[in-house]
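I'd like to walk you through a structure, so let's get it up on the screen.

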Amino acid sequence: MTPYAIETYRLEKVYRTRFRGREVRAVSDLSLRVPEGAKFGLLGANGAGKTTFVKMLLSAVHPTAGTAALFGRDARDPEARRPVGYLPENHRFPTYFTGCGMLQFYGALSGLDGPALKRRIPEMLELVGLADWGDTRIKKYSKGMLQRLGLAQALIHRPKLLILDEPTDGVDPAGRRHIRDVLNQLSGTGVTIFINSHLLGEVESFCEYVAILKKGELALQGKINDLITDRGYHVTAVRVSHAAIRALNGTVSPDGQTVVIQSPTLEEANHAIDAVRASGGMIESVSASAGSLEDLFIRVTKSERGTERAA
Amino acid sequence: MTQHRWKIFSALVSDTFQEARARWLFWGLFSLSTLLIAIFLFVLQVDLAAGAVSLMGIPTTARHIFRIEKFVRISYSWVSIALYIWGTFLAVFASAGLMPSVLEPGRISLLLSKPLTRTILLAGRFAGNLLIVAINHVYLVGCVWVIIGVKTHVWDPRFLLAIPISLFMFAVLLCVVMLTGVVFESAALSVMLPVAIMLISAILAQRDVVVRLLSSEWSRELWVALYWIVPKFYDLGLGMRRFILADQPADWWTLVWTSAAFGLAILSGAVLVFRKRDF
């Protein structure tokens, strides 16, 4: 049994326009592995191919080339989707449903029988804070309530893999907190959570792993803590000897006067300060640098070339 | 079909029912049937008055019985043709939006994420539609048959043939609705194409006259070929009416299998396109 919830190999999707035959490469040569039980964030600018990738996993879009597997099973096999819960972006739940009716329908499609549905529907409504709204038609629900109900339908059959496409998009802060709380409750239960989002802060605070897509290609993937390497301290100094600059791996500014030394820990920053002083240099400033996923994202998506991979 | 697939199929049929219930067009379909039933109830109230006169001493003659039977047959033929033409048209009209609605971007991707095949999704939608129209047809024809039977004591089962024949032709046209919905995602086109087939079938059915008028051999062959390809909406309706009205037999088998072949080919096309499409 594969230890990966999601495993793709050289996955590719090329769309061809119906009449002109023009090609649009939405996803290209994408090989990705998401370990079972991981909290994984997929990032990318608009049009980077995130949603196409997710739809290929769920067989809503057919890959042009490559393979995709869910828990080791070919993603094209309907049975591969049985342990999967999915909340799509811009969902359109039929408005003739009540909250309970909707959970009943999607629960039945997920393979739950009558008694299981009877048990799970109140549990799910309670979990997402909609216990009093089960008999109300969903056309009366707010965007946040619909999103929570969508989360409930994705969870009703106790999936092993939860795929969320922009789960908090358009949801107010209280609704976001609620969704985050539900996901935090789930994260300890061994469920693999795959979030496709452009809200970097949320991905950074929740996920352990991240992948960044750029123009349909995998630009970077790995553990967030391994990828964000510029966290630490900046020591700026002047009149530093060339030998000290080399020893401390400092960066000389374009004017040739200032040297910036990057230290990942406070101890190393103090050691750099001592070394600068010992070499006759003077400290101009010391600042803590909080490297973030956002910095990394901007750096990766703006760089022209190169695919970075964490070890 | 395994138990799991059957559950999924039932859920999809039930969903089609719920969606139809939420649409005014389907209520319109049932309201029109109810109106027609109410008209019959009213008309037979008048007939009951005549019956009362007869009970008060006017003897029932063979001529009077003949008149009642004729009245019953004419009523049957009118109702069956109204059901066949208008009922089918309204049913197509009411069904046209049900396929495009399920293909809306945020809805279809969620449905396809479930452990079901695309074929079963299409089949569930098809069967749900067919079942709704079947209920309407049974309701209308059944009620009219019972009302006329109770009031006149004429229980002619030939009228009940209107249910399977109308339903069969609706099923054939529903295949066109499905294919149009899957390819174009347009409710308007899903109405226009089946209606066009209904009209073309009436024109093609005049082949005996037209073939004599056509000058070239190839145009005559083309006309005949088109006649056999297109479902026999006109001929089947005409055959049904003649059978109910005057007990004239029709070549049911040829009419049914050629129409069914067309429907199956179109439905297979719909399944093929639906399975290959990206959503």
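Let's begin in chain B, where helix 7 and helix 8 cross with a right-handed sense. Keep in mind that this is a predicted model, so everything I quote is computed from it. Helix 7 of chain B covers residues 162–184 and helix 8 of chain B covers residues 187–204; their axes come within 8 Å, at a crossing angle of roughly 145°.

Which residues of helix 7 and helix 8 of chain B meet there? From helix 7 of chain B you have B:Leu173, B:Val176, B:Val177, B:Thr180, B:Gly181 and B:Phe184, and facing them from helix 8 of chain B are B:Leu189, B:Ser190, B:Leu193, B:Pro194 and B:Ile197. Sort the residues of that contact by class and you get eight nonpolar, three polar and no charged.

Okay, let's zoom out to the rest of chain B. It has twelve helices and zero strands. The C-alpha trace spans about 75 × 55 × 35 Å along its principal axes. Chain B has 279 residues, and 37% of them count as buried. If you take the contacts in chain B with a separation of 6 or more, 81% come from residues 24 or more positions apart.

Now, where does chain B touch chain A? The contact takes 22 residues from chain B and 23 residues from chain A. On the chain B side, the elements giving two or more residues are helix 1, which is 3–21, and helix 5, which is 105–112. Helix 1 of chain B gives the most, with seven residues. In terms of class, the chain B side has nine nonpolar, six polar and seven charged residues.

Reading them off, they are A:Lys50, A:Thr51, A:Thr52, A:Phe53, A:Val54, A:Lys55, A:Met56 and A:Leu57. Just after helix 1 of chain A, A:Ser59 has a positive phi of about 65°.

Next up is a sheet in chain A. Four strands make an open, antiparallel sheet, in the order 2-1-4-5. Why do strand 2 and strand 5 of chain A each have one side without a neighbour in the sheet? Strand 2 (23–35) and strand 5 (73–74) stand at the edges with a single partner strand each, so one side of each has no neighbour there. Helix 1 of chain A packs on this sheet, touching strand 1, strand 2 and strand 4 (65–70), and its direction makes about 65° with that of strand 2.

Looking at one pair, strand 1 of chain A, residues 4–16, is joined to strand 2 of chain A by nine bridges, running antiparallel.

One last thing on chain A as a whole. It is divided into domain 1 (4–227) and domain 2 (232–289), and the C-alpha centres of these two domains of chain A lie 46 Å apart.

Definitions and conventions:
Residues are numbered from 1 along each chain as its sequence is written. Chains are lettered from A and ligands numbered from 1 in the order in which they are written. This is a predicted model: local features need pLDDT of at least 70, side-chain atom pairs count only at pLDDT 80 or more; totals for chains, interfaces and linings use all residues. A residue is buried if 20 or more other C-beta atoms lie within 10 Å of its own, exposed if 12 or fewer, and partly exposed in between; C-beta atoms are placed from the backbone. Two residues are in contact if their C-beta atoms, placed from the backbone, lie within 7 Å. Ala, Val, Leu, Ile, Met, Phe, Trp, Tyr, Cys and Pro count as nonpolar, Asp, Glu, Lys and Arg as charged, and the others, Gly among them, as polar. Two strands pair if DSSP finds at least two bridges between them. Axes are lines fitted to C-alpha atoms, for helices over the stretch in contact, and angles run from 0 to 180 degrees between N-to-C directions. A crossing is left-handed if the near helix is turned anticlockwise from the far one by less than a right angle, and right-handed if clockwise. Domain bounds come from an automatic or database domain assignment.
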